[in-house]
Amino acid sequence: MLKRRFFLNKIVLFLSTLSAILGLIFLFWILITLTIKGITSLNLHLFTSDLVDNGLRNLLIGQFILAGIATLIGVPVGVLAGIYLQEYSYNSRLAEIIRNLSDIMMSAPSIVIGVFVYSILVIPVGHSNGWAGIVALAVMMLPIVVRTTDDMLSLVPKELREAGVALGVPKYRVIFDIVIRAAKVGITTGILLAFARIVGETAPLLFTSGNNEFFTLDLNHQFPSLTVAIYNLATMPNPQLVKIAWAGAFVLVVVVLIINLIGRYLVKDKK
Amino acid sequence: MIMEVKDFYFYYPNTTQPALKGINLPFYENKITALIGPSGCGKSTLLRSLNRIHDLYPGNRYEGEILLKNLETGEMENILEWKKEEELIQLRQRVGMIFQKPTPFPMSIYDNVAYGLRLQGKKKSEIDEKVEEALKGSALWDEVKDRLKQDARGLSGGQQQRLCIARAIALEPEILLMDEPTSALDPISTIAIEELAIKLREKVSIVIVTHNMQQASRISDYTAFMYLGELVEFGETSQIFLNPKEQRTIDYIAGKFG
Ligand SMILES: Nc1ncnc2c1ncn2[C@@H]1O[C@H](COP(=O)(O)OP(=O)(O)O)[C@@H](O)[C@H]1O
Ligand SMILES: [Mg+2]
């Protein structure tokens, strides 16, 4: 009996190690290919000119504008919703529903969010526009921010809230001056990771903000983004354009990696 | 008498049995009153009724009266009748509270003490003065005067607890509630807090919950012994410890239970 268990244990260990190695092989394959093709395609021209002139400039700026404004919308709404859940709902039915809904939204395929926003913000207008892309990204970000805020606030000991109230501090001031501050690092990290998540998204932008070869700041029309451009360029017959796609993909991965590293560093620093 | 609890019952949400049953208890001015009794007998529940911090959670219910002396008119006012948010805020500025675990706010040492004063709308110069006074009053000034801008969470446990006391006394409360303020501290910090309590008695009336009977006998003027949500016996500390009247008090002090 014991022997059999021992044997089983070995098999399971072997199989799981094997799958881990398999996963790692593919991961490194992707990363190495991306790095080689990316670096060899990189040049300064890419950062000084727009897609019309075979550059990435308008795409990079566009991507950050979309993700940045989406963050400006998603963060306050998400943080306030998280505050409601943790500080005001007293775990009512409504809070339970919001939590579940937000969990479902978090696992909703991003293309579904893209199509949804397409139907409410693109079809009525008649053409793709930057705002639609922003809304789609904000919708993607929202549940992540809600969840993180909710979780991070729940880690703040209730004694700290009580200590504030016991000093004659109004509840909303206790929350904003004391509780949020105590959870600051965790919430900031969550926001950074949420940003890293949306900044590399293609599906929510594909039908919403569309594509634009030119530099623009006009969010009422088609708006450039790196991810959608990569999607389009990667399948082009022209090898020059495919090279731009590789370079763009490499830049994107580096950016996301850096943001993630900052996030992780913050978490570690806290501990 | 600065505060008086009369025929007081307390119910936690979704419970039929009251956690406190018919408590009658006076608190005297500029005295230290100790609440003792075995764990779960309702000491914290009673203490937390005195500044109505139970109101933070929905569904808690008070019955009876808790009277607080109005220092201007000398009248006793029932704090359980206060409904408005401002009334509760004022109550808590008059009745401060120190918790079992130190609760420094995530801000600098200075800001911890200044925070409550700022909310009261005090001027910068006055705040500076009061912060120093409160830190001196809590015997912390010499240890922190060179690092007022540092994060309060970097202080030792005993220092944090004295900071919380400074924070509370900066608002010049009439009463200070302490819920086992030394049970998370080392013996030396414990002695420091006890000496501090004795010193503060000149300015503020203190109600202290403790499960440490030596502590109660060392520092308190009056002692209330509670058991299973009831007040069993109240009297001068020497009487309760040397000459208790109730059998349950005798047993508890002899260490037969709890
Ligand atoms: N939030 C709560 N909800 C329900 N019952 C509680 C709550 N807090 C304390 N009690 C109960 O009330 C009684 C008194 O508790 P407490 O005042 O904390 O005792 P003590 O401070 O003397 O140890 C205990 O039986 C405890 O289980
Ligand atoms: Mg207690």
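In which sense do β9(B) and strand β10 of chain B pair, and over how many bridges? They pair in the antiparallel sense, over 6 bridges. Pairing here needs at least two DSSP bridges between the strands. Helices (H or I, at least four residues) and strands (E, at least two) are DSSP runs, numbered from the N terminus.

A word on the model. It is predicted: local features need pLDDT of at least 70, side-chain atom pairs count only at pLDDT 80 or more, and totals for chains, interfaces and linings use all residues. Residues are numbered from 1 along each chain as its sequence is written, while chains are lettered from A and ligands numbered from 1 in the order in which they are written.

Back to the strand. β9 of chain B covers residues 222-227, and β10(B) covers 230-236. M226(B) has L231(B) as its bridge partner in β10(B). The hairpin has 2 residues between the strands, and L228(B) takes a positive phi near 50 degrees. β9(B) also pairs with strand β3 (residues 32-36) of chain B, in the parallel sense, over 4 bridges. There, T33(B) is partnered by Y222(B).

Is β9(B) covered or open? Mostly covered: 6 of its 6 residues are buried. Buried means 20 or more other C-beta atoms within 10 Å of the residue's own, with C-beta atoms placed from the backbone. In a regular strand, side chains alternate between the two faces of the sheet. On one side of β9(B) sit Y222(B), A224(B) and M226(B); on the other, T223(B), F225(B) and Y227(B).

Now chain A. Take T71(A), in helix α3 (residues 57-88). T71(A) counts as buried because 23 other C-beta atoms lie within 10 Å. Leaving aside neighbours within four places in sequence, T71(A) is in contact with M141(A) and F195(A). Contact means C-beta atoms, placed from the backbone, within 7 Å.

M141(A) leads us to the largest nonpolar core, of 136 residues. Such a core is a set of buried Ala, Val, Leu, Ile, Met, Phe, Trp, Tyr and Cys residues joined through C-beta atoms within 7 Å. L137(A), M141(A) and V179(A) have the most contacts inside this core. Helix α6 (residues 130-154) of chain A gives the most to this core, 16 residues. Beyond four places in sequence, L137(A) is in contact with residues including L66(A), I198(A) and P204(A).

Last, the two chains together. Their contact takes 15 residues from chain A and 22 residues from chain B. On the chain A side, α7(A) supplies the largest share, 6 residues.

Methods
A residue is buried if 20 or more other C-beta atoms lie within 10 Å of its own, exposed if 12 or fewer, and partly exposed in between; C-beta atoms are placed from the backbone. Two residues are in contact if their C-beta atoms, placed from the backbone, lie within 7 Å.
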